[in-house]
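Thank you all for making time this morning.

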Amino acid sequence: MLLSHDYNSRRSSVASSQSRNIRITVLKNMFKKKALVFMFISALVSCLLLLYWNDSFESPKPSSTMAMGIYNTHIIDGSMEGAMGGGDNARASAIPVNPIERLWTYRCVNNRCVRHHFVDGVEEDFETNNAHQQQQQPHGGAGASIGSSGTNAGSSSGSNTPGKRIPYLTCTMTCGPINIWPQPTGATTIGSKTSRFRLSDMRVKIVTKFEPVEKLLHDAYDVLQSEIRGSMVSHGATLEEIEGAVPAGSVPPGVQQLPVERPVATEVNDAATVGRSASASETSGVGKIHFFKLVSDKRYDVDAFEVNVHVEKSGDTHLTLHTDESYNMTVTHSARVLIVKITANTFFGAKHGLTTLQQLVWFDDEERTLKVLNKASIEDVPKFNYRGLMLDTSRHYFTVDSIKRTLVGMSHSKLNRFHWHITDSQSFPLVSRHYPQLARYGAYSEREVYTADDIRELAAFAKVRGIQIIPEIDAPAHAGNGWDWGPKHGLGELSLCINQQPWSNYCGEPPCGQLNPKNNNTYLILQKLYEELLEIVGPLDYFHIGGDEVNLECWQQHFNDSDMRTLWCDFMLQAYHRLQLASGQNASAPRMVGVWSSGLTSAPCLSKNTFAVQVWGGSKWPENFQLINSGYSLVISHVDAWYLDCGFGSWRSTGDGACSPYRNWQTVYKHRPWEEMKLTSLQMRQILGGEACLWTEQVDESILDARLWPRASALAERLWTDPTEERYSESVPLEVYNRMSVFRNHLLELGLRAEPIFPKYCVQNQDECV
């Protein structure tokens with residue numbers, strides 16, 4: 001029995017051992033398989049990460065996000081993600097766009113803001129060597145002038161609490177002439193009292209029978225709210241301050257705490273419930289949960305901020321040379337309800353009214369609230385219908401984002417025509433659906449191009465901001481790189497003199513290139529390009545076909561024609577004919593075609609009823625009078641006043657490579673060519689307006705904003721308001737300096753790197769520098 005038991009025990013033990021070994025083997029195999037699977041998955045993830053990494057650095061389109069640094073990228077993309085948080089945000093370690101000036105407070109004295117030291121809630125008065133609590137003096141009172149058309153009525157701002165610092169922006173908005181740019185042209189009265197409000201208090205009501213207008217106005221209002229939100233960010237506002245609430249437990253002393261509520265601030269919540277804008281696409285913190293208490297009404301002066309917009313007459317959403325851009329606006333405040341009423345005949349007028357309203361709103365960085373001037377009556381209409389800005393994207397490429405920033409600046413300056421000089425002899429960045437070879441042979445790189453989707457995106461972005469994009473494919477001159485592939489594809493020489501040397505014999509600046517006027521394929525390509533552009537940005541009643549700096553010697557070496565001027569006339573008329581063909585049966589085909597001025601534009605072949613001339617020469621050149629006397633309509637871009645690329649020295653060692661001197665904003669502002677030319681009222685009808693030009697031989701994306709702003713804004717007031725000064729005065733009125741300084745700050749809040757107009761000391765000390 002013992003032996004049997006021992007045998008059985010050993011057998012059981014052996015069996016148990018074998019079973020253990022089997023299990024261990026199975027487990028080992030299982031782990032090996034899992035390890036292999038894990039290694040395979042790890043390798044796959046690594047490959048995907050590597051592909052993603054490479055893709056992020058080899059993206060098909062360059063981005064300007066890095067170049068924008070601490071500025072407000074959310075103004076462009078409509079998001080607040082990067083602006084409101086994240087350790088990678090440059091704003092966390094850099095000086096904000098508008099740092100809080102805790103050392104200073106401002107008092108309104110004789111309609112100007114006077115700076116005083118402010119330490120520990122006490123204002124130091126150095127004139128009397130006394131320290132006293134801050135008290136804001138009354139506003140300039142009824143009769144304070146706004147130009148020649150209005151008054152700045154009222155008594156005081158709403159910020160005269162003892163011991164409270166008065167920020168510069170609050171002082172300057174409630175003291176002295178009102179800061180609207182461009183200055184309204186009609187009867188204008190604006191009070192100096194303010195109302196504090198939450199962004200979530202704003203509601204819009206649009207009254208119009210035109211559905212496309214209603215949609216555009218809703219979009220424009222969403223842009224307004226997004227930009228106000230971005231302005232608050234530029235002043236360092238927190239999410240809770242933007243939403244009109246404060247974190248639980250941090251309600252300021254003296255403000256009654258409400259019962260604890262815990263609304264969830266996500267994009268799917270009701271806007272009124274959490275005190276935020278209803279536009280989910282432009283809100284911040286999407287997907288994040290923020291717990292806060294709603295702030296007591298005592299912190300704010302209004303429970304409702306109603307914006308009523310009425311468009312009565314026109315349903316047109318496409319700008320023309322005859323569009324009515326006028327608007328009337330009133331602002332009233334009664335029983336904790338602030339009501340803004342904007343009436344206009346078109347979408348464009350109503351959009352300008354919203355832009356003016358936005359300039360009456362600012363963020364007080366002491367009280368940490370939005371404020372608005374709560375009493376106003378404004379009548380406004382522009383003096384000129386064509387108020388343009390030209391950007392050359394051939395000599396340097398500019399990203400879509402940087403062009404959007406330019407459009408933002410234009411919108412707030414009330415400029416309405418973006419003349420896009422897309423191509424030139426240096427490069428051809430436009431990707432054509434019909435002729436992709438143009439960009440393939442002409443772009444600087446495969447990334448530095450504009451696709452149809454890019455142009456469509458920019459056109460939509462511009463439209464909601466009241467801007468029309470006018471594209472230009474310069475022809476026949478300034479057409480070199482990108483046009484040299486014809487012989488390889490059986491189309492013959494599309495362009496002549498491409499990159500020919502010595503360049504000074506064949507073009508105005510290197511590289512040379514001039515379209516072949518005797519190759520029908522050249523005109524066919526132009527027709528298809530016009531067709532593609534009109535399809536995207538049209539309908540247009542004004543189109544630019546170039547015609548600049550044609551070099552007859554280039555053609556003369558290829559053709560034996562006795563009269564090269566006739567050859568030029570034939571080309572321009574054929575280009576115009578192709579533009580008409582590109583428009584098809586569209587009744588809204590361009591009725592007027594712009595061409596650059598030259599020694600050829602006075603040729604009688606161009607009809608004064610069809611062609612408008614963009615005059616770029618000097619303001620005293622004879623061509624100005626010759627073209628007026630010939631009956632042509634003019635867009636003025638005088639090189640001695642409105643060329644923004646001048647004054648930076650020559651960019652080449654030979655030839656005339658630069659214009660000088662630098663055209664400062666005062667020069668841009670003071671230029672009033674119709675006055676200098678002594679035009680009659682009948683001749684004034686031939687002046688369509690004006691356009692500032694930025695050629696980019698020495699400009700790339702890194703300095704684009706500073707070259708344009710605020711000088712282009714100076715042109716905007718000249719063309720919108722056309723203020724009159726003493727004819728022989730060389731200075732700009734002091735009031736204009738102050739308004740320009742405030743508007744330049746407004747551009748900074750919008751994310752534009754506008755150049756300063758004087759030292760910051762002069763900003764803080766009105767009238768002491770000028």
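What we are looking at is a predicted model, in which local features need pLDDT of at least 70 and side-chain atom pairs count only at pLDDT 80 or more, while totals for chains, interfaces and linings use all residues. Residues are numbered from 1 along each chain as its sequence is written, and side-chain values use heavy atoms, with hydrogens and water left out.

E549 sits in the loop between β23 (542-546) and α14 (552-556), where helices (H or I, at least four residues) and strands (E, at least two) are DSSP runs numbered from the N terminus. With a relative accessible area of 33%, E549 is partly exposed, a class that lies between buried, under 20%, and exposed, over 50%, using a 1.4 Å probe and protein chains only. Leaving aside residues up to four places away in sequence, E549 touches A477, H478, Q514 and W616, contact meaning heavy atoms within 4.5 Å.

Now the sheet. Three strands form an open, antiparallel sheet in the order β8-β16-β15, pairing being assigned if DSSP finds at least two bridges between two strands. The edge strands, β8 (194-197) and β15 (361-364), each pair on one side only.

Finally, the helix. Of the 16 residues of α23, 14 are buried, so α23 is largely enclosed by the rest of the structure.
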